[in-house]
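These are my notebook entries on a single chain, written with the sequence and the coordinates side by side.

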Amino acid sequence: NFNVQVNLPVTGTYIFEVNNPQGSAVINVPLYVGDIVPLLPDFFDLSTAELDPMPLKNLIAARNTMLSLINSDRATMNLGPVTLSNDINAIAQAHTEDMLAHNFFGHVNPSGESPDDRRKKAGITIPIRENLGKASSLELIEAGLMRSPIHREALIDPTMTHVGIGIVKNAEGYYLVTQNFAGTALTSQDITTLEQTIAEAGNNARLSSGLTSLEQDSTLKSITKTWSARMAQEGFFGTTDPQGVSIINTARQAGITSALQIYIVEASSSSQLTDSLLSQDSLLETARQKIGVGIGMNATGDLLMTVIYTP
């Protein structure tokens with residue numbers, strides 16, 4: 001049993017969803033706020049399954065149909081289209097065929113590989129967002145994904161520019177679909193902008209809590225940026241490098257004599273880095289006065305962030 005309390009101040013229809021660890025929705029129900037008249041039966045009630053057990057005849061045509069559905073939904077949100085990527089198509093198709101062959105439905109395969117593991121294994125250096133669907137038609141799959149908040153978020157993510165689509169049909173006639181979305185590779189300027197954006201997000205959180213902003217110290221920024229770049233290039237993670245040199249000693253050599261609070265995290269997306277910073281108790285400590293944020297990106301596209309706070 002569980003209770004959920006959410007403030008929904010805007011009149012309209014919301015979707016409440018709970019997903020299991022495999023990413024499938026176990027609860028997906030509409031919530032009506034205000035003078036909204038529920039439309040019953042809904043889309044899925046009216047769409048009875050008409051299964052065709054014949055194998056998929058034309059993968060390219062089916063893939064283009066799904067791409068058109070995706071871009072149509074993006075267009076309704078005034079977003080640009082995504083384009084097909086052959087490399088991402090390959091990992092999406094391989095995962096979909098794996099689900100069919102091994103009779104499972106989930107983001108993690110029987111070998112324990114996640115979407116991130118699969119894209120790294122294929123040599124793709126850009127993080128991906130993965131949607132999975134199963135229904136009697138491609139149209140129903142896309143409608144179901146758009147009804148699911150977490151999958152809808154990936155579909156209408158404005159930073160996504162490419163997609164890979166995998167499609168198979170099982171013996172009953174159900175389509176299984178994998179959608180893998182990706183953006184463009186981050187440039188060095190993008191990373192610099194991201195560092196600033198994350199630091200500003202931290203200061204906004206402090207201001208919202210009645211605290212003063214943290215000064216973005218140039219020396220701390222140089223130390224964290226260099227340390228993160230070294231972790232990315234040299235393949236280590238932590239406050240001490242393979243030669244035994246610590247970031248604390250590095251800071252002391254740079255003239256930082258005050259107490260240090262150091263936080264290091266690895267993530268596959270910029271949003272995960274931001275969320276990680278905002279979850280730190282150190283961010284909201286009144287004794288903190290200065291901050292340095294540095295980010296590096298390794299050969300597989302993972303982001304490594306170093307944060308230092310000082311009084």
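Into which domains is the protein chain divided? I am working from a predicted model, and in it I find the chain divided into domain 1, residues 53-182, and domain 2, residues 188-310. I then looked up how the two are placed, and the centres of domain 1 and domain 2, taken over C-alpha atoms, are separated by 34 Å. To the contact, domain 1 gives six residues and domain 2 gives five residues.

Entry on helix 2 and helix 5.
I looked next at helix 2, residues 59-76, and helix 5, residues 138-147, whose axes come within 10 Å and cross at roughly 35°. I noted the hand of the crossing of helix 2 and helix 5 as right-handed. From helix 2 the contact takes Ala62, Thr65, Met66, Leu69, Ile70 and Asp73, and these meet Leu138, Glu139, Ile141, Glu142 and Met146 in helix 5. Sorted by class, the residues of this contact of helix 2 with helix 5 are seven nonpolar, one polar and three charged.

Entry on helix 7 and helix 10.
For helix 7 and helix 10 I find axes that come within 10 Å and cross at roughly 35°, and helix 7 passes helix 10 in a right-handed crossing. Here Leu194, Ile198, Ala201, Gly202 and Ala205 in helix 7 meet Ser270, Leu273, Thr274, Leu277 and Leu278 in helix 10. I count by class seven nonpolar and three polar residues in the contact of helix 7 with helix 10, and no charged ones.

Entry on the largest pocket.
What volume does the largest pocket have? I read about 1,100 Å³ for the largest pocket, and its lining is made by 39 residues, of which Pro127, Ile128, Arg129, Met160 and Ser269 lie nearest its centre. The elements that give two or more residues to this lining are helix 4 (115-121), strand 4 (128-135), helix 6 (149-155), helix 7 (188-208) and helix 10 (270-278). I checked which domains take part, and the lining of the largest pocket draws at least three residues from each of domain 1 and domain 2. By class, I have 13 nonpolar, 19 polar and seven charged residues in the lining of the largest pocket.

Entry on the cavity.
How many cavities of 30 Å³ or more does the structure hold? I find one cavity of 30 Å³ or more, and about 50 Å³ of space lies in the largest cavity. Its lining consists of Glu195, Ala199, Gln216, Asp217, Lys221, Ile291, Gly292 and Val293. Helix 7 and strand 9, residues 290-297, are the elements that give two or more residues to the lining of the largest cavity, and strand 9 has the largest share with three residues. The classes in the lining of the largest cavity come to three nonpolar, two polar and three charged residues.

Technical notes
Residues are numbered from 1 along each chain as its sequence is written. This is a predicted model: local features need pLDDT of at least 70, side-chain atom pairs count only at pLDDT 80 or more; totals for chains, interfaces and linings use all residues. Side-chain values use heavy atoms; hydrogens and water are left out. On a 1 Å grid over the protein atoms alone, a cavity is a set of points where a 1.4 Å probe fits but cannot get out, and a pocket is an open set with protein on both sides within 12 Å along at least five of seven lines; lining residues have an atom within 4 Å of a point. Grid points are joined across faces, edges and corners, and a volume is the space filled by probe spheres set on the points. Helices (H or I, at least four residues) and strands (E, at least two) are DSSP runs, numbered from the N terminus. Ala, Val, Leu, Ile, Met, Phe, Trp, Tyr, Cys and Pro count as nonpolar, Asp, Glu, Lys and Arg as charged, and the others, Gly among them, as polar. Domain bounds come from an automatic or database domain assignment. Axes are lines fitted to C-alpha atoms, for helices over the stretch in contact, and angles run from 0 to 180 degrees between N-to-C directions. A crossing is left-handed if the near helix is turned anticlockwise from the far one by less than a right angle, and right-handed if clockwise. Contact means heavy atoms within 4.5 Å.
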